[in-house]
Amino acid sequence: MQKTIIITGGAGFIGSHVVREFVKKYPHYRIINIDALTYAGNLENLRDIEREANYFFVKADITDAAHILSIFQEYQPDGVIHLAAESHVDRSITNPTAFVMTNVIGTVNLLNAAKEIWKDNYEGKRFHHVSTDEVFGALGDTGLFAEDTKYDPHSPYSASKASSDHFVRAYHDTYGLPIVLTNCSNNYGPNHFPEKLIPLCIHNILHGKPLPIYGDGKYTRDWLFVIDHAKAIDLVFHQGKNGDSYNVGGFNEWQNIDLVKELCKQMDEKLGRPAGTADQLITYVKDRPGHDLRYAIDASKINEELGYKPSVTFEQGLSITIDWFLNNEEWLNHVTSGDYRKYYEEQYR
Ligand SMILES: NC(=O)c1ccc[n+]([C@@H]2O[C@H](COP(=O)([O-])OP(=O)(O)OC[C@H]3O[C@@H](n4cnc5c(N)ncnc54)[C@H](O)[C@@H]3O)[C@@H](O)[C@H]2O)c1
């Protein structure tokens, strides 16, 4: 094996796509997936690659500094791609402390472990921190987030991610740790946990349940297909400039209401229902506190420096996503029933 890479949060939505991308594309890399398997971790996401010779899973909580250090000492990684996080804004409003523990303390534990085993010999080493555009706060009707946009987080989730970004940069500035960061816009795609807008709406349209839209539906997000995010991470991990951050997006802004209407249209077509059927399920609900109006990424730097471009349009990505959910009802049923939590016990014990 040429390299050993630790990927944290590899059983989650985005992490599982990153693990798959690396396991398949780099058979000469040893990929170690570290995940605590919280409610968001689902090893069924990796069923298709879990028997590959270059893939290893270690159940560990990144808030446990001693355990993390022992894993780093055992596997001696050349690189870390850090995705493990508490990631759901609504949950951060009800339990902010959990977000500080995992997103801030957990990140610092990983930085310490990398610093400890690399011992100032940083040749060929890299710590890639995966972050979000939410650290930049909210935009008005115009403007885009660039890499140098001032941080202005509003939710406990984005505040914890902003803090972790600062620690990653501080370890670079203070100790010379080789780092890169990516700040990505909203992801969608296969394996998305059904508490999030797109899979929730797919599930609810299938079962004739209301489609909840916050406020007036004008909240605007910039959407990227999850596999395109995984490809961007691969590119930045290998070719990004040491110490730099890259905003990742597809110049693809949608107001929530327009997105849900596009989803309704595609679902009606795919399910053979009369046009307008799913639209009738749209229900406006009370707004979330501190809700940011608009996020939009300026992805020029990654495009110009590294030649990055998303591989699909939003309509194509949405169609692939809907097909995946329609063809993977077992996955969805296991997630909604909680049965996915038994998978680790059944497969790994
Ligand atoms: N989902 C998005 O749209 C989006 C956009 C930009 C950036 N991000 C970032 O990408 C990363 C992954 O996001 P996601 O949507 O896949 O999240 P997710 O919630 O689906 O997955 C998170 C994973 O981390 C694991 N985890 C949580 N706490 C842990 C802990 N203490 N120790 C070890 N593992 C732990 C969970 O078990 C899960 O497998 C996060 O850092 C998030 O901030 C997400």
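How many nonpolar, polar and charged residues make up the lining of the second largest pocket? In this predicted model, the lining has four nonpolar, four polar and six charged residues.

The second largest pocket holds about 310 Å³ of space. Its lining consists of 14 residues. Those closest to the pocket centre are Arg-20, Asn-45, Asp-48, Asn-191 and Trp-324. Two elements give two or more residues to this lining: helix H1 (13-25) and helix H11 (329-337). Of the elements, H1 gives the most, with three residues. Rolling a probe the size of a water molecule over the atoms shows where such empty space is left.

Helix packing was examined next. Helix H10, residues 314-327, packs against H11. The two axes lie 5 Å apart, at an angle of about 75°. H10 is therefore roughly perpendicular to H11, since angles of 65 to 115 degrees fall in that class. On the H10 side, the contact involves Trp-324, Phe-325, Leu-326 and Asn-327. On the H11 side, Glu-329, Trp-331 and Leu-332 take part. By class, the residues of this contact comprise five nonpolar, one polar and one charged.

The whole structure contains eleven salt bridges. One of them joins Lys-231 to Glu-21. The closest N and O atoms of this pair are 3.6 Å apart, within the 4 Å limit for a salt bridge. Lys-231 lies in helix H7, residues 226-239, and Glu-21 lies in helix H1, so the pair ties together parts that are 210 residues apart in sequence.

Definitions and conventions: Residues numbered from 1 in each chain as written. Predicted model: local features only at pLDDT ≥ 70, side-chain atom pairs only at ≥ 80, totals over all residues. Heavy atoms only, no water. 1 Å grid on protein atoms, 1.4 Å probe; cavity = no way out; pocket = protein on both sides within 12 Å on 5 of 7 lines; lining within 4 Å. Points joined across faces, edges and corners; volume = space filled by probe spheres on them. Helix = DSSP H or I, 4+ residues; strand = E, 2+ residues; numbered from the N terminus. Nonpolar A, V, L, I, M, F, W, Y, C, P; charged D, E, K, R; others polar. Axes fitted to C-alpha atoms, helices over the stretch in contact; angles between N-to-C directions. Parallel < 35°, antiparallel > 145°, perpendicular 65-115°, else oblique. Contact = heavy atoms within 4.5 Å. Salt bridge = Lys/Arg side-chain N within 4 Å of Asp/Glu carboxyl O.
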